[in-house]
Amino acid sequence: MRLLLECNEDISACDLCGSDKLTAKHNNVARCQGCGYVFANPRPSQEAIARSYGESHSYDYWLQDDRIRREIYGTGRLGLVMKYKATGRILDVGAGPGLFLSVAEEEGFDVYGTEMSTLAIRTAETRFGLQLFCGQLEDAGFPDSFFDVVTLWHVFEHVPSPSNVMSEVRRILRNNGILVIEVPNDNFFRWEQIKRVLKNQVKYLLNMLPNRNFQIQKRYTPFRLGGEVHLSYFTPKMLRMILESNQFCVKEQSIGYRAKPTRAIRLARGINLDINRLTRHNLASTCLIIGRKV
Ligand SMILES: [Zn+2]
């Protein structure tokens with residue numbers, strides 16, 4: 001069992017709407033009564049998160065098989081972007097080891113990236129020859145109306161202030177520029193939670209038997225050293241609200257491309273896409289939104 005990450009940063013008002021009416025949920029999670037935004041509170045500081053990730057992260061899995069890069073990052077993610085912009089200047093926020101930018105560059109885009117991890121930046125440079133900015137997006141100082149496309153693939157849930165990121169993205173995107181955000185789908189985890197509650201009921205009863213000790217699982221588990229730290233928990237509805245309140249016209253909402261492409265995962269994704277197209281319900285573990293700056 002890894003050690004817990006200390007959470008000593010208290011949030012007193014909602015980052016999105018400014019309301020101070022926050023409902024405490026379990027395990028350091030709060031919900032804004034004003035807009036419904038769900039987020040970690042209290043939460044670890046950015047310094048503690050950076051120390052926790054350290055250099056323990058590895059990108060070997062994603063780099064060892066080039067089919068993953070071409071299928072998820074090329075055909076999947078870049079293919080989606082190219083429905084709206086086939087060329088121009090693209091920024092990937094939290095670019096990691098540069099898998100997405102490398103395929104974008106191969107397709108002729110002029111590529112830029114920001115990244116917090118120095119290991120990822122070194123990997124992006126040695127593997128793909130990419131020069132990423134080290135730090136938060138807000139510190140990169142890109143010029144006004146500079147980009148045709150800005151992407152955040154599984155990054156928006158990690159940033160300390162989604163509203164600051166949205167203002168900055170709006171500033172550096174050209175008019176009619178495209179914003180793509182993909183995050184974990186908190187609705188999916190709500191279903192998972194219902195399943196867990198039912199399982200836990202069974203475990204609870206089993207625990208009443210002598211000499212039994214079944215572990216009871218919870219949603220929104222505490223942050224652990226070296227583990228993923230999600231500061232926000234988004235749903236498709238919340239993403240739409242965020243884009244629209246920042247004057248983006250929502251062009252498309254769908255499910256994401258994160259899963260490693262095995263045959264079973266491709267099949268499940270196809271079924272989820274059909275359900276999403278027909279009913280607008282997203283039953284997948286990821287959600288994706290594309291907006292145009294207006
Ligand atoms: Zn709010």
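How many bridges join strand β10 (residues 248-254) to β11, and in which direction do the two strands run? There are 6 bridges, and the strands run antiparallel. Helices (H or I, at least four residues) and strands (E, at least two) are DSSP runs, numbered from the N terminus. Two strands pair if DSSP finds at least two bridges between them.

This is a predicted model, in which local features need pLDDT of at least 70 and side-chain atom pairs count only at pLDDT 80 or more, while totals for chains, interfaces and linings use all residues. Residues are numbered from 1 along each chain as its sequence is written.

**Overall form**

The chain holds 10 helices and 11 strands. Its radius of gyration is 20 Å, close to the 19 Å that the globule rule gives for 294 residues, so the chain is as compact as a globular protein of that length. That radius is taken over C-alpha atoms, and the rule is 2.2 Å times the number of residues to the power 0.38. Along its principal axes the C-alpha trace spans about 65 × 45 × 45 Å.

Of the 294 residues, 33% count as buried. A residue is buried if 20 or more other C-beta atoms lie within 10 Å of its own, exposed if 12 or fewer, and partly exposed in between, with C-beta atoms placed from the backbone. Two residues are in contact if their C-beta atoms, placed in that way, lie within 7 Å. Among contacts between residues at least 6 apart in sequence, 67% join residues at least 24 apart.

**The two sheets**

An open sheet of 7 strands has the order β6-β5-β4-β7-β8-β11-β10, with mixed pairing. At its edges stand β6 (133-134) and β10, each with a single partner strand, so one side of each has no neighbour in the sheet. Strand β11 (residues 286-293) is mostly covered, with 7 of its 8 residues buried.

Another open sheet has 4 strands in the order β1-β2-β3-β9, and its pairing is antiparallel. Its edge strands, β1 (22-25) and β9 (232-233), each pair on one side only.

| Strand pair | Bridges | Opposite residues |
|---|---|---|
| β8 and β11 | 7 bridges | P184 and T286 |
| β10 and β11 | 6 bridges | S254 and L288 |
| β3 and β9 | 2 bridges | V38 and Y233 |

**Buried residues**

The largest nonpolar core has 61 residues, of which I90, F100, A104, V150, L179, I181 and L239 touch the most other members. Such a core is a set of buried Ala, Val, Leu, Ile, Met, Phe, Trp, Tyr and Cys residues joined through C-beta atoms within 7 Å. Strand β8 (residues 173-184) gives the most to this core, with 6 residues. Leaving aside neighbours within four places in sequence, I90 has contacts that include A104, F109, V111 and Y112.

F39 lies in strand β3. F39 counts as buried because 24 other C-beta atoms lie within 10 Å. Beyond four places in sequence, F39 is in contact with I11, A30, L231, S232 and Y233.

**Helix α10**

At 1.5 Å a residue, α10 should span 24 Å, which agrees with the 24 Å between its end C-alpha atoms. The expected span is 1.5 Å times one less than the number of residues. After α10 comes R280, with a positive phi near 70 degrees.
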